[in-house]
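Have the model open as you read.

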Amino acid sequence: MTSVGFPRALGTCYYPEHWPQEVWAKDAQMMVESGLTWVRIGEFAWSRLEPKPGVLELEWLEEAIKTLTSAGLKVVLGTPTATPPRWMLDKHPDMLAVDAEGRPRGFGSRRHYCFSHAGYREESRRITAILAEVFGSSVAAWQTDNEYGCHDTTLSYSDAALEAFQDWLEARYGTIEALNAAWGNVFWSMEYDRFDQIGLPNLTVTEPNPAHVQAFRRFSSDQVAPFNRAQVEEIRKWSDAPISHNYMGRVTDFDHYDVGADLDIATWDSYPLGFLEDRVGASSERQKAFSRQGDPDFQTFHHDLYRAVGKGRWWIMEQQPGPVNWAPYNPAPLAGMVRLWSWEAFAHGAEAVCYFRWRQAPFAQEQMHSGLLRPDSAPAAGLAEVRQVASELAAAPQVEANVADVALVFDYDAEWAWAVQPHGQGLSYFDLVFEHYRALRRAGLNVDIVAPTIRGFAAYKAVFAPGLMHLSDDLRHALETADCPCVFGPRTGARTLDFEMPVPLPPALSGLDVTVTQVQTLRPDRPIALAGGGYAVGYIETLDGSATPILEDTSGACVAVQTQNLIYCGAWLDEAGLDRLVALVADSADLSIRSLPDGVRVRRTATQEFWFNHNAHSVDTEAGPMAPASVIWRDL
């Protein structure tokens, strides 16, 4: 990514409809005094904006925007489409999403719509157009909807989805004969005569055809981008302000790059303590060690991912400032972590960090979700750290992002393919890529996560592209011809676009004589030891060919091979194995790596080097002694 300067600001999420109008001005003044610049509003307010069909009550929102902007705040206005009001369901009773068991996702919380429902999509376009026309010149930025895919709401098995899926298949394959051939439907007599015979891949006796499931995953993703685009089109008619969407951590049911193509900024909602228990997949020992700090790499993985989704521009729209309400366990952040999380985001190029929420709600589902204020409006614990960050931002010099050392390819289509056919319990593409990211961060390297549509790697000293089960011709060529070391595998090129095993057998890389002749998955208690240290865990392939072995198991079997710049690793490696692989690649790429203390991470910008201690204890580093939960930086 090109080196660009970025502004830095703080903000919060505010719900004026939750509070008496007489407190709005006081809240706004206190936000400004706390060093906040941005405030997001409106994303859940549809029932107050349109209490009955066609009956608009926008005056309160107009007054709220006026109050906030008069105080000096910039407003991000969210479209309210994540929470359609109850009357919408009376108008469109078939709009509900349906889960894989055939159960409607009912009214009474949020995100209960199906992306495929044409009527609801037009209702979303309509309310967005109204807000854009009225407030297009009054707000500084926009947010479409809220957290697409959250609560497993991308995949819907409704009648609307069924009809749309059948149309999508006909447009994709043209003839039913072509679809039958592509899917291998001769197997188990699964052949169809017409597209309207094809059902959704749920409620089958045993597993459905993997080609059918992967097609449904692609279709479901393809429903999200047009839904979002309809809102973007209406906003752009009336407003020049940048448009964003707030993505989530480890929500991979839709292709975020596709949605991001229509937006100006990617934002995401960062909840380090909730995610540690809910999504990271860390061992019980790691969860205990980082229970009040969060995983040292999970947040930054998403910082780097959403920097790619946002084409270089990204924010945190919701940052955890205290205990949340939705994880299995909800501790308070260790003192210093709210500051650390904020600076870590800025070190990775964030333009803004906004905290969720301004005041803790005393009612409904999020009563136990902390804010910057308590329900009685007294400051909560996190506000002091936010004020400290604001003061430090005012004094700190401008920071410029820089190109990373290493590119790491992340492909949503590969994530779906692994989910469709993991071949072993608990194996996922996300975890495979995340483990590589961890290893690169342990080595002190800067990482750019890149989309599979990238066509050149001249800016990087090394590329890692593990687990790309379908490798497009364009990406294959770009990797094969790169001037830096490129690491493939496992499962690279293991399936065609329509989920068939290809011939010649994978990985079929030009210039690298290696063939995968057998694959197996391993029990957790049966890892395979590597000669020289480390293990293959979870997944291993039998490799044949003349490429030079660079990692072997203790029996002498090849685990990773290399020819010039091309490296293929046919196993899922544990930490020690991945550290050895990264060291081999770094040596080949003339990259300097560090041996960092556990829980310490480094991020370089063009002008500064940031050090983060995620531990609950002090650590000595080459940058100096670091207190628990602390960040320090030095000029380069």
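## Ground rules

A crossing counts as left-handed if the near helix is turned anticlockwise from the far one by less than a right angle, and as right-handed if clockwise. Helices (H or I, at least four residues) and strands (E, at least two) are DSSP runs numbered from the N terminus.

This is a predicted model, where local features need pLDDT of at least 70 and side-chain atom pairs count only at pLDDT 80 or more, while totals for chains, interfaces and linings use all residues. Residues are numbered from 1 along each chain as its sequence is written, and side-chain values use heavy atoms, leaving out hydrogens and water.

## H1 against H3

H1 passes H3 in a right-handed crossing. The axes of H1 (residues 24–33) and H3 (residues 59–70) come within 9 Å and cross at roughly 35°; axes are lines fitted to C-alpha atoms, for helices over the stretch in contact, with angles from 0 to 180 degrees between N-to-C directions.

Who touches whom (heavy atoms within 4.5 Å)? Trp 24, Ala 25 and Ala 28 of H1 meet Trp 60, Glu 63, Ala 64, Thr 67 and Leu 68 of H3.

## The open sheet

Seven strands line up as E10-E9-E11-E12-E18-E17-E16 in an open sheet with mixed pairing; strands pair if DSSP finds at least two bridges between them. E10 (447–450) and E16 (548–552) are the edges, each pairing on one side only. From one strand to the next, the twist averages 20°.

E12 (residues 486–488) and E18 (residues 566–569) run parallel, joined by three bridges. Phe 488 sits opposite Tyr 568 in E18.

Conventions:
Contact means heavy atoms within 4.5 Å.
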